[in-house]
Amino acid sequence: MKRNSYYSLISILIIVILLVFIFAGETLGLFLTPTIDNESVSADENLITVGISQLGSESVWRSANTESIQKSLSRENGYFAIFSNARQKQDNQIKAIRNYISQGVDYIVFSPVMEDGWESVLTEAKEAKIPVILMDRTVNVSDDTLYVTHVGSDMKEEGIKAGKWLESYLKNRTFEDDTVNIVILKGTRGSTAEIGRSNGFHEISRNHPEWKILEEVDADFTTAKAREEMTRMLRKYPRIDVLISQNDDMTFGAIDSFRQAGITTGINGDVTIVSFDACHEALTMVYNGVINVDIECNPIQGEYVSEVIKKLENGETVDKEYFVEEQVFTKENVKEALEKRQY
Ligand code: GYE
């Protein structure tokens with residue numbers, strides 16, 4: 001008898017420990033596999049179930065994008081959203097999407113870390129009749145019926161804007177040997193943001209034989225990687241005139257390296273900086289003249305995604321692509337945007 005109660009006490013303890021572990025794991029997001037709380041779904045069948053696969057949390061932009069989609073697809077707005085973070089790994093995204101398919105969600109919203117490699121998993125979603133909405137970045141697939149729509153930015157246009165700004169800025173400036181030495185910090189290789197911004201910029205740089213692109217290097221959209229790469233490039237190249245940095249987080253890393261090397265940036269500085277995203281911290285630097293120009297990329301895409309879902313729910317047709325609105329910020333026009341910027 002005594003022995004029995006000893007065993008049941010031990011079993012209860014084990015169960016409690018397991019439960020605490022599972023609960024803590026879920027809360028901290030340690031388990032990648034998203035779970036649907038079936039009870040809550042069936043308790044309110046009017047909720048639209050959406051599986052969201054975010055690609056990571058590499059930048060300020062990304063956090064704002066995550067907040068936007070979570071806010072828009074809230075319970076109050078009629079959604080039951082399940083979220084997973086792929087930590088910049090395509091495999092994790094594929095796993096998350098497969099999970100959503102097997103759990104039979106109503107919609108899948110995902111931000112693909114890179115463009116290639118989605119044919120199989122998207123075919124599985126299509127066969128399961130689950131509409132897929134691409135947010136932020138897009139995919140490269142031969143059959144575009146594998147997704148319903150793409151809500152995001154015109155990344156190529158952003159690259160063109162950067163090139164055009166530089167073109168007019170350099171018009172009345174002279175450089176040693178008449179060449180402008182440029183380095184480019186690129187985002188995650190093969191991602192829409194990297195491809196679009198690079199292609200757009202090159203469309204303009206192609207017309208300028210005097211623009212000498214010393215190096216284009218992948219710094220994965222992160223501050224740490226950019227700091228490392230910029231420090232390396234500063235040792236290698238005696239004179240860098242322009243930095244094109246494909247997001248603000250990388251710009252911050254590069255500025256750290258310039259400062260360490262005693263090099264000034266921005267208006268009247270040694271290096272002209274063209275950045276992308278336009279988050280609050282970077283816009284402050286534009287205002288202070290440390291960054292010359294910031295090409296906005298708008299992460300507030302949740303409302304657009306929600307609108308698309310509501311349309312689909314009503315049986316309406318949707319466009320294949322929705323672009324968010326974006327501007328170009330320099331010291332001259334940044335003040336107002338800076339005051340309003342939430343991220
Ligand atoms: O510019 C960068 C982020 O895909 C547009 O991804 C997005 C980019 C954004 O990490 O900061």
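Start with the ligand: of the 13 residues around it, E58, D136, R137, N247 and D277 come nearest. Keep in mind that this is a predicted model.

Now pick three of these side chains, one at a time. Select D136. One of its polar side-chain atoms lies 2.9 Å from an oxygen atom of the ligand. Move to R137. Here a polar side-chain atom lies 2.7 Å from a ligand oxygen atom. Next, select N247. An N or O atom in the N247 side chain is 2.8 Å from an oxygen atom of the ligand.

Show the surface. How much of the ligand does the protein bury? Taken alone, the ligand exposes 300 Å², and the protein buries 100% of that.

Switch to cartoon view. Select α3 (60-72), then α7 (192-205). These are the elements that give two or more residues to the shell around the ligand.

Color the shell by class. Look for five nonpolar, two polar and six charged residues.

Finally, color by domain. Domain 1 spans 36-152 + 299-324, and domain 2 spans 155-297. Each gives at least three residues to the shell around the ligand.

Terms used
Residues numbered from 1 in each chain as written. Predicted model: local features only at pLDDT ≥ 70, side-chain atom pairs only at ≥ 80, totals over all residues. Heavy atoms only, no water. Near = heavy atom within 4 Å. Polar contact = N/O pair within 3.5 Å; in protein donor to acceptor, adjacent residues only side chain to side chain. Areas by Shrake-Rupley, 256 points an atom, 1.4 Å probe, with all protein chains shown as cover. Helix = DSSP H or I, 4+ residues; strand = E, 2+ residues; numbered from the N terminus. Nonpolar A, V, L, I, M, F, W, Y, C, P; charged D, E, K, R; others polar. Domains from an automatic or database assignment.
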